[in-house]
Structure formats: C-alpha cells, structure tokens
Amino acid sequence: MADKNYENRPQEDVLNEEKSTENASESSEQVYSLNDDRRVKVLSPGVMVAKRFFRNRLAMVGLIILIIMFAFSFIGGLISPYEEDQLFYRTEILKKEYASAIENTEFRYTAAEGQASAFTGIVQAQFTLAQSKGSDEFAYGGKSYKLSKDGDNLYSIYDGDGTLLGIAYKDIFSVSNANETLTFDIRYEGLKAYSNGEASFTVDGLTYEIADDGLVLLNGQEYGYISRYVVQALMSDVFLTREFKDTVIEIIEKNRTTGEAVLEVEAEDGVKQEYYFVKNPNTGKWTITQETESRVYDTYSAPSSEHWLGTDGYGFDMLTRLMYGGRVSLMIGFIVEIISTVLGVIMGGISGYFGGWVDNLIMRIVDVFYCIPSMPIIIILGAAMDNMGVDPQIRMIYLMLILGFLGWPGLARLVRGQILSLREQEFMTATEACGISVRRRIFKHLIPNVIPQLIVSCTMGLGGTILTEATLSFLGLGVRFPFASWGNIINDVKNTFVLTNYWFIWIPAGVLLLLTVLAFNILGDGLRDAFDPKMKR
C-alpha cells in the first residue's frame with residue numbers, strides 16, 4: 001500500500017523528499033565529523049603528564065619555591081650592590097695594650113762586643129747556678145769561667161783566659177733620646193759606678209755624671225737614666241720618654257695594693273688620653289692600655305638599612321653571602337646529580353641489556369660501593385685536603401667529584417630494573433630485527449623510556465645532596481672560605497654565644513636550606529604522581 005502511495009505521488013514530491021533525506025544525512029555527518037572544531041582532542045603523553053603535574057597544587061608550591069630560590073641565588077647576586085668577599089669596617093674606641101712595666105728582680109744579661117757566640121744562654125744559666133751557691137767560678141763544656149762581683153747586683157763573667165764575656169745586672173740603664181746609642185762599655189761602666197755609689201764614670205774620654213735619682217748627664221745634658229723598673233712599649237717603633245716612665249713608676253708605687261690605676265695625659269693638641277694600669281697578681285707585671293680610635297671589621301652588625309640581614313663574623317654582608325651561598329649549594333647539587341646520573345645510566349643500561357656475567361659483574365661492583373662508608377671517607381679526604389692546603393676552588397671541584405662518584409649505585413640499580421622489563425617487549429624485538437646497533441638500542445630506545453623514573457629520582461636526590469654538602473661544610477670539610485655555601489654560613493652556630501645572640505647569622509641560611517630541600521622533595525613527589533597516576537593515593 002505504501003508502495004502504491006509512493007508510486008501515485010507526484011514526481012516533484014518524491015524528489016524533494018530525497019533531497020531532504022540527503023541533507024539530513026549530510027547534516028548528521030557534519031555533527032559527528034572529526035574534521036571540525038568539535039572533534040575529540042587526543043593529548044600526547046607529555047602533555048598529559050604536564051597537565052597532571054600542573055593540577056597538583058602542592059607540586060606547584062614546590063616549583064614556585066624553587067624558582068624563587070634560583071632567582072634569589074643567581075639573579076640576586078648580580079643585582080646586589082656588594083661583592084661576595086667585600087669587607088665592611090667600622091670605627092670603635094678600643095682599649096689596646098700600649099706598654100708594660102715591672103720591677104726587675106731577675107738578672108739580665110748583655111754580651112761584650114764580639115762575645116755573643118761565647119756568652120750563650122747555657123753559660124748564663126750556669127752563672128745563675130754558681131751565683132746562687134756563692135761560688136766565684138764554674139765549669140761547663142770542658143771550659144772554666146770566673147765571675148766577679150763589681151757592685152750591688154752587678155757581675156762580670158770571664159772565660160779561663162780572663163776575657164770579659166758579658167755582664168749580669170738587675171738595674172736597667174736606658175737612654176733618654178731615641179737617637180742615642182747605648183754601647184756595652186757605657187752600660188757596664190755606668191752600672192758599676194751607680195752600684196758603687198760613684199758620682200761619675202769615664203768612657204772613651206767622655207765623663208758622664210750620675211745624679212742621686214739615677215739620671216745620667218753628659219756635658220750637662222741628659223743622656224740616660226738608671227732604674228730598677230723595666231718600662232717598655234709594646235710596639236718597637238714607640239719610644240717612651242723618661243718623664244712618662246717616671247710617671248708610670250710613681251703610679252705603680254702608689255697603687256701596689258689596689259693593682260689598678262688610671263693616668264690621664266693631655267696631648268699637645270689638647271686631646272686628653274687615658275692610660276689604664278692593671279697588675280697581674282701572679283707575675284707582678286703591670287699592663288698599660290690606652291683607648292684608641294681603631295678601624296675594625298664590622299662583625300656581627302645588626303640588621304639595618306645598609307645591611308638588611310646584618311654582617312657575619314668576617315665583616316661580610318649576610319644577605320649577599322646567602323645569595324652566593326645558594327648559588328654554590330645549588331650548583332654542587334646539580335653537578336653531583338649529573339655525575340651520578342651519567343655513571344648510573346651507563347652502568348645500569350649495560351647491566352640490564354646484556355645480563356649474564358656482565359650483569360653479575362656490574363652488580364657486584366654496585367654492592368662494593370654500597371659497602372663503602374661514604375661519610376668517613378669524605379671526612380678523611382677533607383682533613384687530608386686541609387693538611388695539603390688545597391685551594392678552596394679546587395677543593396670544591398674535588399667535593400663534587402667525590403660525591404658524584406659515590407652516588408651512582410642507586411641510579412644504576414633503578415635503570416637496570418627498568419631495562420630488564422623493557423628489553424623483552426615487542427619494540428625491542430623490532431629494533432633487533434631492523435639491525436639497529438646495540439648502543440642505539442640502549443641509548444635511543446631503552447634509556448628514553450627510563451627517563452621519567454630518572455627525573456623523579458634525581459629531583460628527590462637533589463635535596464639529599466644539598467643536605468650532604470651543607471653537613472660537610474658545617475663540619476668544615478666542604479666548601480671553604482672565601483666561598484660561601486649555606487652549610488658553611490651556619491658553621492658559626494658552633495659558637496654558643498653566636499647561637500644565642502646573633503639569630504640573623506644562622507636562621508636565614510637554615511630557612512633557605514629547609515625550603516629548598518623541602519621544595520625538591522615536593523617536586524619529586526609531584527613528578528612521580530604525574531608520570532604514574534596509579535601511585536597517587
């Protein structure tokens with residue numbers, strides 16, 4: 001019946017219906033076509049891994065922290081107004097030792113001209129022994145010596161031939177002018193005259209007069225003075241005048257019981273200078289100090305507008321040292337991981353692909369490396385480099401090589417395990433059938449399939465490497481001055497006073513170290529979840 005109706009219908013209606021059917025068919029094909037913008041998008045594995053990684057908020061936090069750390073370390077050092085080893089100074093009023101004074105109670109010795117080699121310390125010691133026994137002669141080394149008492153606390157020592165070797169005395173003969181020279185003959189004759197209460201003595205045709213207070217005059221001019229006190233400046237280029245020495249002796253006499261005193265002297269320019277006297281109760285020696293304006297290292301300076309994190313114990317800017325220290329720590333971490341990865345990939349790839357005796361040999365080598373006590377060896381090598389005085393830059397290179405060479409066994413096992421499961425798959429059979437060389441099979445077809453696991457392992461291993469370097473530098477066995485690393489920056493924490501009083505020395509470096517290691521671990525977890533979503537819990 002339908003056919004009849006179809007046959008009886010006008011031809012024009014039939015054609016219209018067929019056209020509408022064709023249009024509907026074409027419209028249906030456009031809706032489900034894969035050639036327009038509404039097609040299903042198939043993502044590549046790399047893009048899918050990236051999308052999974054960027055959706056992981058915790059991993060993104062770790063990535064942002066690392067970007068900040070890299071910018072802080074590598075860019076911050078470039079824009080910092082200071083250099084890594086730039087020292088800073090400040091001016092302080094310090095008490096510095098200026099001179100010392102003591103009442104002489106022991107014999108002092110002066111050799112005669114040309115007799116310094118004969119009048120040795122051993123001969124002087126033998127004299128002291130003989131003088132204490134009341135003997136006027138002694139023998140030593142097969143030679144005989146004689147001593148003569150020339151005055152109160154003044155002795156002359158002769159050899160067996162009667163040649164004068166030197167003198168022993170307790171009174172001190174000093175010149176009043178720095179330009180004057182005190183010869184042996186003047187010293188000897190002057191001390192002998194002073195000991196015997198004589199008013200003058202003659203040397204080389206010149207007559208010297210001795211006053212009651214020990215002042216020595218030559219032609220009516222002051223030449224020197226004799227005293228039982230030894231007052232001498234700390235610096236050899238400083239000459240103490242007789243007036244100053246007399247003042248010192250007077251103060252010592254007045255303050256014997258207290259053991260402390262202060263002397264105020266007005267200089268020629270009107271500036272008052274204070275000298276502080278302190279007596280050592282054990283030795284009786286007086287130490288004289290003075291306040292002087294000194295330019296010293298700006299050590300442990302508190303944070304300020306000039307130094308945002310203060311200065312360290314050497315006078316360096318702490319913020320700048322942290323920037324350069326981060327550069328060194330990160331660089332060491334990456335280079336060590338590169339060395340370990342290269343060795344691990346080569347050894348693990350060869351072991352996993354060839355198997356058999358090659359696999360057994362390499363795995364036994366790995367077992368040997370696992371048995372090596374890495375930390376004691378590194379400590380021993382660090383101490384050896386200290387003794388040899390290895391340059392800090394060469395030492396840093398050695399440190400990276402040692403850590404890299406000792407860190408490859410774990411990666412070698414990882415690569416070997418992955419290749420053992422990959423080498424039996426169809427694509428490896430195809431590479432063998434195509435005649436591809438063994439080297440290309442391993443490094444062009446097998447290793448790329450292990451790269452995701454390597455990335456995760458290396459990322460998480462970077463944090464451990466940075467911690468190892470920090471530990472060695474903290475112990476003084478890693479990066480050494482003048483180079484900075486976060487480890488040797490917090491080395492000052494070994495000083496309890498610094499630990500409790502200067503937080504800005506070690507807390508910032510510790511925080512940066514903590515954040516960097518934590519960020520690497522978080523990044524490693526995020527990459528692991530992105531490469532293998534089944535492991536995400």
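This is a predicted model: local features need pLDDT of at least 70, side-chain atom pairs count only at pLDDT 80 or more; totals for chains, interfaces and linings use all residues.
Begin by selecting Asp150, which is found in strand E4, residues 143-151. Asp150 counts as buried because its relative accessible area is 13%, which falls under the 20% cut-off for that class. With neighbours within four places in sequence left aside, the residues in contact with Asp150 are Tyr155, Ser156, Tyr188, Lys192 and Asn196.

**The largest pocket**

Coloured by class, the lining of the largest pocket would show 17 nonpolar, four polar and seven charged residues.

**The second largest pocket**

Now go to the second largest pocket, where about 350 Å³ of space lies, and select Glu337, Leu403, Leu406, Gly407 and Thr465, which are the closest to its centre among the 16 residues of its lining. Two or more lining residues come from each of helix H8 (318-354), H10, H11, H12 and helix H15 (451-474), with H15 giving the most, five residues. The lining of the second largest pocket divides into six nonpolar, nine polar and one charged residue.

**An enclosed cavity**

To see the largest cavity, which has a volume of about 30 Å³, select Ile378, Gly382, Met385, Leu399, Ile402 and Leu477, the residues that line it. Helix H10 (374-388) and helix H11 (392-406) each supply at least two of the lining residues, and the largest share, three residues, comes from H10. Five residues of this cavity lining are nonpolar and one is polar, with no charged residues.

**Where H9 meets H12**

Finish with helix H9, residues 356-371, and helix H12, residues 409-422, which pack at an angle of about 150 degrees with their axes 9 Å apart, H9 passing H12 in a left-handed crossing. Select Asp359, Met363, Val366, Asp367, Phe369 and Tyr370 in H9, together with Pro409, Gly410, Ala412, Arg413 and Arg416 in H12, to display the residues that meet. This contact is made up of six nonpolar, one polar and four charged residues.

Note on methods:
Residues are numbered from 1 along each chain as its sequence is written. Side-chain values use heavy atoms; hydrogens and water are left out. Axes are lines fitted to C-alpha atoms, for helices over the stretch in contact, and angles run from 0 to 180 degrees between N-to-C directions. Helices (H or I, at least four residues) and strands (E, at least two) are DSSP runs, numbered from the N terminus. A crossing is left-handed if the near helix is turned anticlockwise from the far one by less than a right angle, and right-handed if clockwise. Contact means heavy atoms within 4.5 Å. Ala, Val, Leu, Ile, Met, Phe, Trp, Tyr, Cys and Pro count as nonpolar, Asp, Glu, Lys and Arg as charged, and the others, Gly among them, as polar. On a 1 Å grid over the protein atoms alone, a cavity is a set of points where a 1.4 Å probe fits but cannot get out, and a pocket is an open set with protein on both sides within 12 Å along at least five of seven lines; lining residues have an atom within 4 Å of a point. Grid points are joined across faces, edges and corners, and a volume is the space filled by probe spheres set on the points. Buried means under 20% relative accessible area, exposed over 50%, partly exposed in between (1.4 Å probe, protein chains only).
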